Amino acid sequence: MNTMIYETMAAVAELNRVEGFDPKPLMRAISKDGQGSQLYLDVQFRKLWFRLRHPTGKIQKIIKQMTDDFAIVEARVYLDRDDAEANYIANAFARRFRGDGEFGPKYLELAETAAVGRALADAGFGSQFADAEGEADPEQVDAGIPAKAEEDDDDPFNVRGIVFAPAPAAPTYTAATDVDTILASMTLDEAKNVAVNIGANKGRTLGQIAIDQPGDLPWYVNDYRGPDNILRAAAKLLLDTALAAAA
């Protein structure tokens with residue numbers, strides 16, 4: 001059995017505690033190629049936990065985009081069914097592709113399950129609190145917790161086993177740098193986080209636009225006449241990545 005923060009910190013153990021309900025026995029161990037075993041709480045048990053803790057709560061699922069090939073769903077968690085639309089305590093997005101095999105015709109249902117699971121984890125009903133075994137979801141919807149084969153009494157949180165990656169270098173380009181030079185070093189995450197400061201999408205990131213309104217991306221590549229080459233390059237990177245994935 002793994003030693004976890006849930007078991008060593010009283011404040012964490014009290015978070016969303018429900019008298020007579022213990023999520024630990026419902027956890028299961030999972031593993032994927034090239035990864036160690038992880039502990040995971042299936043979505044059905046996260047929903048049960050939430051219902052026990054907040055019987056008048058609400059989980060809202062919104063289909064943001066659906067085509068014959070993929071579905072994007074947002075899930076929002078509310079403490080009470082009468083809460084205003086904007087007063088959710090957590091939300092999450094998930095996308096699932098239809099394809100020919102992995103998800104097939106249930107791609108919409110599985111996008112909903114993934115979004116709900118992630119939102120509930122953000123709300124404090126997730127695998128960060130417990131471990132054990134249970135029935136399997138068809139797809140793991142968020143990261144599990146590395147499962148240790150045995151505990152080290154001198155290092156209960158396995159600090160010695162953690163490899164800390166160096167912080168990513170700050171971008172070397174500016175808005176005046178030419179687009180090709182920016183594209184040579186820009187990462188996909190950097191592109192997603194570029195904020196738009198003009199037009200109808202002002203205040204949103206390109207990553208959000210790529211999910212909600214992907215048809216807007218070509219405008220920033222072909223028709224935008226402003227001086228910000230970071231915006232232009234980021235839109236091109238996202239658009240090229242999407243086109244390559246669809247090819």
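Alanine 75 stands opposite alanine 92 in β5. The model is predicted. The chain has 247 residues, of which 38% count as buried, and its secondary structure comprises 9 helices and 6 strands.

**Whole chain**
- Of the contacts between residues at least 6 apart in sequence, 58% join residues at least 24 apart.

**Strand β4 and its partners**
- Strand β4 covers residues 70–78, and 9 of its 9 residues are buried.
- Phe70, Ile72, Glu74, Arg76 and Tyr78 point one way from β4, while Ala71, Val73, Ala75 and Val77 point the other way.
- Strand β3 (residues 58–66) runs antiparallel to β4 and is joined to it by 8 bridges.
- The two strands β3 and β4 make a hairpin, with 3 residues between them.
- Within this pairing, isoleucine 63 has valine 73 of β4 as its bridge partner.
- β4 and β5 also run antiparallel, joined by 8 bridges.

- The structure holds 7 aromatic pairs.
- Phenylalanine 50 and phenylalanine 125 have ring centres 5.5 Å apart and planes at 90°, so this pair is edge-to-face.
- Phenylalanine 50 lies in helix α3 (residues 43–53), and phenylalanine 125 lies in the loop between α4 (107–122) and β6 (145–146), so the pair ties together parts 75 residues apart in sequence.
- Phenylalanine 50 counts as buried because its relative accessibility is 0%; phenylalanine 125 is likewise buried, at 0%.
- Phenylalanine 70 and phenylalanine 97 form a tilted pair, with 5.8 Å centre to centre and 55° between the planes.
- Phenylalanine 70 is in strand β4 and phenylalanine 97 in strand β5 (residues 90–97), so that this pair links distant parts of the chain, 27 residues apart.- Phenylalanine 70 counts as buried at 17% relative accessibility, whereas phenylalanine 97 is partly exposed, with a relative accessible area of 45%.

**Other ring contacts**
- Phe21, Trp49, Phe50 and Phe125 form one aromatic cluster.
- Lysine 58 lies over the face of tyrosine 78, at 4.6 Å from the ring centre.

Technical notes
Residues numbered from 1 in each chain as written. Predicted model: local features only at pLDDT ≥ 70, side-chain atom pairs only at ≥ 80, totals over all residues. Heavy atoms only, no water. Helix = DSSP H or I, 4+ residues; strand = E, 2+ residues; numbered from the N terminus. Buried < 20%, exposed > 50% of the residue type's maximum accessible area, 1.4 Å probe, protein only. Contact = heavy atoms within 4.5 Å. Phe/Tyr/Trp six-rings, centres within 6.5 Å; stacked < 30°, edge-to-face > 60°. Lys NZ or Arg CZ within 6 Å of the ring centre and 35° of its normal. Pairing = 2+ DSSP bridges.
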